[in-house]
Amino acid sequence: MKKFWVLLVSVLVAVLGAACGNQSKENTLVVGATQVPHAEILEHIKPQLEKQGVNLEIKVFTDYVLPNKALEEGEIDANYFQHIVWLQTTNQEKGYHLKDVARVHLEPMGAYSKKIKSVDQLKNGAKIAIPNGTSEITRVLQLLEKNGLIKLNEHQGEITLKNIVENPKNLQFELLEASALPRMINEVDLAVINTNYALQADLDPLKDALFMEEKDQNPYVNVLAVKQGNENNPAVKKLAEALTSPEVKKFIEEKYKGVVVPAF
């Protein structure tokens, strides 16, 4: 009889342990992010989410391609690294089914150089390094036009180098992976760099950038994204609420001092 009770207790302990394990797994969110500022912001809200029963697991990516692939294929539950235009373009180009569930912050893009102090010093035939993503090319060319370096023709939607109708300095463009741009500053005359990669390279956008995008009316807001069908996941909703809370707004403003701007 004693052996029976020992066996029964052992079975109950195993069942309860498995149930707790499954519950913990169900309440775990694996979120893909680039290191700065996305993973830093996620780390900041991790304790808050733990109090709400959500275990946040952050998977850091170093590029802009793999986080969406991983989300589409179910390797992660959500990602937070990209702006809304990049998400929309990726869905169109790759046939993905990703959806934004929270719009969190802006990262005005900037132009950097180790060779010149102002754009007036750009010489004829200067080499300009820019990110090679479709949405980023559009974004960069609009920024260059706004700062008087090129002129674009009338267009709708995406912009390519073919839309340049005036290039008075005969600028030469080199298209590279966005993550590689900070390493190219010494090799080119000007590099237009996404702010997250600039920060990772210890560049201060407010001090080091020759010019930057304006913060007002900037459509490139960074978003929390999931695969369609997961928008109503309770843990995802808690994460979205945490990312757009007054406490996170204060954290972004105090830590990044205008380089990263809350969008809510």
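1. A helix here is a DSSP run of H or I with at least four residues, and a strand is a run of E with at least two; both are numbered from the N terminus. Keep this in mind for Gly 95, which comes after helix 4. The phi of Gly 95 is positive, near 75 degrees.

2. Now the whole chain. This is a predicted model. The chain has nine helices and 13 strands. The C-alpha atoms fill a box of roughly 95 × 40 × 30 Å along the principal axes. Of the 264 residues, 47% are buried. Look also at who touches whom. Among contacts with a separation of 6 or more, 73% join residues 24 or more positions apart.

3. Which residues of helix 4 are buried? They are Ile 84, Trp 86, Leu 87, Thr 89, Thr 90 and Asn 91. Several elements cover them, including helix 3 (66–72), strand 3, strand 4 (98–106), helix 5 and strand 12 (221–227). Find helix 4 on the model, then trace these neighbours one at a time.

4. Take helix 5 next. The axes of helix 4 (residues 84–94) and helix 5 come within 8 Å. They cross at roughly 135 degrees. Helix 4 is therefore oblique to helix 5, because only angles over 145 degrees count as roughly antiparallel. From helix 4, the contact uses Val 85, Trp 86, Thr 89 and Glu 93. From helix 5, it uses Thr 134, Ser 135 and Glu 136. By class, this contact has two nonpolar, three polar and two charged residues.

5. Is Ser 135 buried or exposed? Its relative accessibility is 3%, so Ser 135 counts as buried. Beyond its neighbours within four places in sequence, Ser 135 is in contact with His 83, Val 85, Trp 86, Thr 89 and Tyr 220. Trp 86 shows how sequence and space can part ways. Ser 135 and Trp 86 are 49 residues apart in sequence, yet their C-alpha atoms are 5.8 Å apart in space.

6. His 83 is one of those partners of Ser 135. His 83 sits in strand 3 (residues 78–83). Its relative accessible area is 6%, so His 83 is buried; the cut-off for buried is under 20%. The side chain of His 83 reaches the backbone nitrogen of Trp 86 at 3.0 Å. Leaving out residues up to four places away in sequence, His 83 touches Ser 135, Glu 136, Arg 139, Tyr 220, Val 221 and Asn 222.

7. Move to another helix pair. The axes of helix 2 (residues 35–51) and helix 9 (residues 246–256) come within 11 Å and cross at roughly 140 degrees. That angle makes helix 2 oblique to helix 9. The crossing is right-handed. Helix 2 brings Pro 37, Glu 40, Ile 41, His 44, Ile 45 and Gln 48 to the contact. Helix 9 brings Glu 247, Val 248, Phe 251, Ile 252, Lys 255 and Tyr 256. By class, there are seven nonpolar, two polar and three charged residues. Why does such a list skip along the sequence? An α-helix has 3.6 residues a turn, so residues three or four places apart point the same way.

8. Check the backbone too. Most residues other than glycine have a negative phi, and most peptide bonds are trans. Now for some departures from that pattern. The peptide bond from Val 36 to Pro 37 is cis, with omega near -5 degrees. Pro 37 is in helix 2, and Pro 37 also takes part in the contact with helix 9.

9. Two loop residues are worth checking by eye. Asn 170 is not a glycine, yet its phi is positive, about 55 degrees. Asn 170 lies in the loop between strand 8 (164–166) and strand 9 (172–176). With a relative accessible area of 40%, Asn 170 is partly exposed. Lys 257 is not a glycine either, and its positive phi is about 50 degrees. Lys 257 is in the loop between helix 9 and strand 13 (261–262). Its relative accessible area is 60%, so Lys 257 is exposed.

Methods. Residues numbered from 1 in each chain as written. Predicted model: local features only at pLDDT ≥ 70, side-chain atom pairs only at ≥ 80, totals over all residues. Heavy atoms only, no water. Axes fitted to C-alpha atoms, helices over the stretch in contact; angles between N-to-C directions. Parallel < 35°, antiparallel > 145°, perpendicular 65-115°, else oblique. Left-handed = near helix turned anticlockwise from the far one by under 90°. Contact = heavy atoms within 4.5 Å. Nonpolar A, V, L, I, M, F, W, Y, C, P; charged D, E, K, R; others polar. Buried < 20%, exposed > 50% of the residue type's maximum accessible area, 1.4 Å probe, protein only. Polar contact = N/O pair within 3.5 Å; in protein donor to acceptor, adjacent residues only side chain to side chain.
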